[in-house]
Amino acid sequence: MDIVKGKYTDPNSIDEGEVSHFQALTTGLSGSVCLGNIAGVGGALAIGGT
């Protein structure tokens, strides 16, 4: 959790356009959830849903 909070990040070395640890975590998590939703809809349609 300390890494996500940015405890080990040097505040003086942040460059323009750099992604924070928290942004990287949320982006990866949202991508996983999205793929899960797409797979869930495909599975439901394959079972016989409309």
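Predicted model: local features only at pLDDT ≥ 70, side-chain atom pairs only at ≥ 80, totals over all residues.

Me: What's the secondary structure of the chain?

Reply: There are two helices and zero strands. α1 covers 2-5 and α2 covers 21-47, with a loop between them.

Me: How far does α2 reach from its first C-alpha to its last?

Reply: It spans 39 Å over 27 residues, close to the 39 Å expected at 1.5 Å a residue.

Me: And which residue follows α2?

Reply: That's G48, and its phi is positive, near 135°.

Me: Switching to the loop: is T9 buried, exposed or partly exposed?

Reply: T9 sits in the loop between α1 and α2. Its relative accessible area is 29%, so T9 counts as partly exposed, since buried means under 20% and exposed over 50%.

Me: Where's T9 relative to H21?

Reply: They are twelve residues apart along the chain, and their C-alpha atoms are separated by 8.9 Å.

Me: How much of the chain counts as buried?

Reply: 0% of the 50 residues. The chain exposes about 4300 Å², with carbon and sulfur atoms supplying 64% of that.

How values were computed
Residues numbered from 1 in each chain as written. Heavy atoms only, no water. Helix = DSSP H or I, 4+ residues; strand = E, 2+ residues; numbered from the N terminus. Buried < 20%, exposed > 50% of the residue type's maximum accessible area, 1.4 Å probe, protein only. Areas by Shrake-Rupley, 256 points an atom, 1.4 Å probe, with all protein chains shown as cover. Expected span 1.5 Å × (residues − 1).
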